[in-house]
Amino acid sequence: MSKLYIRTFGCQMNEYDSERIASVFAERGYDLTDNIKEADFAVINTCSVREKPYHKVESELGRLKFMKRNKPNFKIAVCGCVAQQDGEKFLDRFDYVDLVFGTSAINRLHSLLDLVEQGERVCDVNEAEDELSIPVFAREKKVSAFVTIMKGCDNFCSYCIVPYVRGREKSRKPDEILDEVKYLVDNGVKEVTLLGQNVNSYGKNLDETITFAELLYKVHEINGLERLRFVTSHPKDFGDDLIFAIRDLPKICEYLHLPLQAGSSRILKLMNRKYSYEEYRDKVLKAKEMIPDLALSSDFIVGFPGETEDDFEMTLKALEEIRYESIFAFKYSPRPKTKASMWEDDVSEEEKSRRLDEVLKLQSKITEEINKSYVGKVQEILVEGVSKKDKNVFSGRNRQNKVVNILSNYKLNIGDIVTVEITEAKKNSLLGRVVEYAGR
């Protein structure tokens, strides 16, 4: 049987797309392998949201080039956002790449692979997709799974390449989403995360009138589903209907990822985020007040063009004021076609590094303090696996999406939901012991 190697860069949507790609190859007789040396076909699923992952793709392709020299029938495909961005240029630049396909071409992958098998070098970055339709596909058995509900973005933040590589917003029909979640639950999935670049905009381009909150109510009704999450929300569209859904639907976990990006309202305006810091703060504080035990996470960019020291200090102040459980923070890098790429990148790399370091150090301190507050609390944990270091230690996540390592006198199974008392706080995780286990 032929072997397929997939390397995925970037966000959860890329991870989901890689699963779809793997299912197409499986239908053609390929088994997945983690060992590139035994692969017959390699797929590199790329991310271009920042400059750094773009360079990682170039590095990965350099490694594959040497493999192909020793294994002429070895095939290489590049897909995802970099492929969508560069298209035919990729084939011109890397003459050993056999296939380039964009973010809308996965439904056409079978026919593209037919051409590659005939010896052609192929590029498909066509976005001519009237609607977003993803048939249910087979995938590896897991207790947690992603489900894409929409793709693209209409917000055009001044730094963001997503509208240019994922296209404008398109929502999946609710019946198709419900069918996929039911299929996953029937195959052992306990927790589903609904994905979209801006899930709050779900339904705006559908003939059927439905909001994202209304979709959550429909998914929540599916028997056998234990937990429901979603990502990502845009703060400007985050409203009371979503707060009520998180508060009132017991399967929705008390976890909200709401990217702030900067603490300065002046910088947020330059970023075209369409909200001020004060508006954002009021929304998240209201959500924290109305949803007990709500955990928040966020994204930040430091060193955006024009960001002064005073602006940066406002980001530090925002971290202190809102107190996220975790954040993702990055140095600004100009991306092609974006409005900000036309502005002077006037914060030096050295200064960007200093600001990023300060943000991460402050957040590390806040995370450590929050982690300590969990000690002594009893938490519901979904068991996801076994520790690589100790087979007697299980690993899972609480409803706040925090990793919890579990000591247990019971023989646990992956997919079990157990009650755990937190006994120790680590830097990036918690340790606990099972206090209640219903068994299977």
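Let us start with a residue you can find in the display: Arg 229 is buried, and its relative accessible area is 6%. Keep in mind as you read that this is a predicted model. Across it, the count of salt bridges comes to 42, and a few of them are described below.

**A pair between two strands**

- Which residue does Arg 229 form a salt bridge with? The partner is Glu 191, and the closest N and O atoms of the two are 3.3 Å apart.
- This pair links distant parts of the chain, since Arg 229 belongs to strand E11 (residues 227-231) and Glu 191 to strand E10 (residues 191-195), 38 residues apart.
- Is Glu 191 buried or exposed? Glu 191 is buried, because its relative accessible area of 4% falls under the 20% cut-off.

**Two salt bridges that involve Arg 355**

- Glu 307 and Arg 355 bring their side chains together in a salt bridge, with 2.8 Å from N to O.
- Glu 307 sits in the loop between strand E13 (295-302) and helix H12 (309-322), while Arg 355 is in helix H13 (residues 349-373), so this pair ties together parts that are 48 residues apart in sequence.
- Glu 307 is buried, with a relative accessible area of 4%, and Arg 355 counts as buried too, at 5% relative accessibility.
- Arg 355 also forms a salt bridge with Glu 351, where the closest N and O atoms are 2.8 Å apart.
- Where do Glu 351 and Arg 355 lie? Both are in helix H13, four residues apart, which is about one turn of the helix.
- Glu 351 is partly exposed, because its relative accessible area of 21% lies between the cut-offs of 20% and 50%.

**A network of salt bridges**

- Some salt bridges share partners, and in this way Glu 19, Arg 139, Lys 142, Arg 172, Glu 176 and Glu 180 are joined into one network.

**An annotated stretch of the chain**

- In an unreviewed entry, UniProt lists residues 2-118 under "domain: MTTase N-terminal".

Conventions
Residues are numbered from 1 along each chain as its sequence is written. This is a predicted model: local features need pLDDT of at least 70, side-chain atom pairs count only at pLDDT 80 or more; totals for chains, interfaces and linings use all residues. Side-chain values use heavy atoms; hydrogens and water are left out. UniProt positions are given in the numbering used here, feature names are shortened, and annotations may be inferred rather than shown by experiment. A salt bridge is a side-chain nitrogen of Lys or Arg within 4 Å of a carboxyl oxygen of Asp or Glu. Buried means under 20% relative accessible area, exposed over 50%, partly exposed in between (1.4 Å probe, protein chains only).
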